[in-house]
Amino acid sequence: MKNYLNYLYIFSIVAKEQSFTRAAAKLGTSQSSISQSMKNLEKYLGIKLLSRTTRSVLTTAAGNELLIKLNPALQEIDYAIQGIQAFKSNPKGTLKINSDEYALDYLLWPILSQIILQYPEISFEITSDYRLMDIVAEGFDIGLRRGKLLSNDMTAMRISDPIQMCCVASHSYLQQYGIPKAPQELHNHRTINIRLPTHGELFRWHFIQNEQTIYIQPNSQIVFTSIIPIIQAVKKHLGIAYVPKNMIDEDLKTGELQLVLEKWQYTYEPYYLYYPHSKEDFPLLKIFLNAIQQYKRPHI
């Protein structure tokens, strides 16, 4: 059986990459070797795990079921190896982080830079998107998201202040199209929005004044899947956008952009870092959490 442990690891890489060619490149071997390993594994198990097409390699129902059980086991092995590495003076390993774009740019980078400089043998794999996901099932060690609504097997740590949102536009746009006085007037303006990948819906804009909350989902002319292109489009005078205020603070100071509906600004819940209870004692996670605690972020 021990010969097939390596086949199982190769299978997990093929399933992730959905390609023998990409899996071979990642593992530093040949495509034919990968293909033969998968044939050997399927023969040993007596069941088809992969469905091969001209464009990709996909897991069968049996392959998906195996993958669900296999990924956590492989992650446990990886953590065990990390634990051994912790006995060395220079710990090493890879920490896999899932974060949305805002948290990556404004919350993670100062912390990561400290760790990278202090521990040159620690590597990071960072996936930036806005999907809500099961980080354990998808092979991540850490997740960052707004709010604290997590499953019971997760530990959460607050890492930010509440997030102040705002509507913003360029002076040129407002001179041409006018300044909206209430959120409902946004329906008469060009707006730039973000599509949320989890449900495929456009982001709803929240406004509050005197305890009155209004939700607007504008029929936007331009839609992106991340925030930075939205801000770039605003600077090109293409419309009004709804973004975290600290992402455009410098543009407000220089006068390049202007707040809209300033009396209706809304604040979202803070960001939390979360990870499985079962991983609390793993060395790389401890190093990361210590770096966060040492990083002096005001007002938290």
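This is a predicted model: local features need pLDDT of at least 70, side-chain atom pairs count only at pLDDT 80 or more; totals for chains, interfaces and linings use all residues.

A pocket is here an open set of grid points with protein on both sides within 12 Å along at least five of seven lines, and its lining residues are those with an atom within 4 Å of a point.

The largest pocket has a volume of about 1,200 Å³, and its lining is made up of 35 residues, among which S12, I13, N71, L74 and K96 are the ones that lie nearest the centre. Two or more lining residues come from each of helix 1 (2–17), helix 2, helix 4 (61–85), strand 3 (93–99) and strand 4 (122–128). Of these, helix 4 supplies the largest share of the lining, with 13 residues. Sorted by class, the lining of the largest pocket holds 17 nonpolar residues, 10 polar residues and 8 charged residues.

Rolling a probe the size of a water molecule over the atoms shows where empty space is left. In this structure there is 1 cavity of 30 Å³ or more, and the volume of the largest cavity is about 30 Å³. Its lining consists of M165, C166, C167, H206, F207, Y242, V260, L261, W264, Q265 and Y266. Strand 7 (163–170) and strand 9 (205–209) each contribute at least two residues to this lining, and strand 7 gives the most, with 3 residues.

Helix 2 (residues 20–27) packs against helix 3 (residues 31–45) at an angle of about 105°, and the axes of the two helices are 8 Å apart. Angles of 65 to 115 degrees count as roughly perpendicular, and helix 2 and helix 3 are therefore roughly perpendicular to each other. On the side of helix 2 the residues in contact are F20, T21, A24 and L27, and they meet Q31, I34, S35 and M38 of helix 3. This contact is made by 5 nonpolar and 3 polar residues, and no charged residue belongs to it.

Which angle does helix 5 make with helix 7? Helix 5 and helix 7 (residues 227–235) pack at about 90°, with their axes 8 Å apart, and that makes helix 5 roughly perpendicular to helix 7. Here E101, Y102 and D105 of helix 5 meet I227, I228 and P229 of helix 7, and the residues of this contact divide into 4 nonpolar and 2 charged, with no polar residue.

The other partner of helix 5 (residues 101–118) is helix 9 (residues 283–294), and these two pack at an angle of about 120°, with their axes 10 Å apart. Helix 5 and helix 9 are therefore oblique to each other, and their crossing is right-handed. In this packing L108, I111, L112, Q114 and I115 of helix 5 meet I287, F288, A291 and I292 of helix 9. The contact of helix 5 with helix 9 is made by 8 nonpolar residues and 1 polar residue, with no charged residue.

Note on methods:
Residues are numbered from 1 along each chain as its sequence is written. Side-chain values use heavy atoms; hydrogens and water are left out. On a 1 Å grid over the protein atoms alone, a cavity is a set of points where a 1.4 Å probe fits but cannot get out, and a pocket is an open set with protein on both sides within 12 Å along at least five of seven lines; lining residues have an atom within 4 Å of a point. Grid points are joined across faces, edges and corners, and a volume is the space filled by probe spheres set on the points. Helices (H or I, at least four residues) and strands (E, at least two) are DSSP runs, numbered from the N terminus. Axes are lines fitted to C-alpha atoms, for helices over the stretch in contact, and angles run from 0 to 180 degrees between N-to-C directions. Angles under 35 degrees count as roughly parallel, over 145 as roughly antiparallel, 65 to 115 as roughly perpendicular and the rest as oblique. A crossing is left-handed if the near helix is turned anticlockwise from the far one by less than a right angle, and right-handed if clockwise. Contact means heavy atoms within 4.5 Å. Ala, Val, Leu, Ile, Met, Phe, Trp, Tyr, Cys and Pro count as nonpolar, Asp, Glu, Lys and Arg as charged, and the others, Gly among them, as polar.
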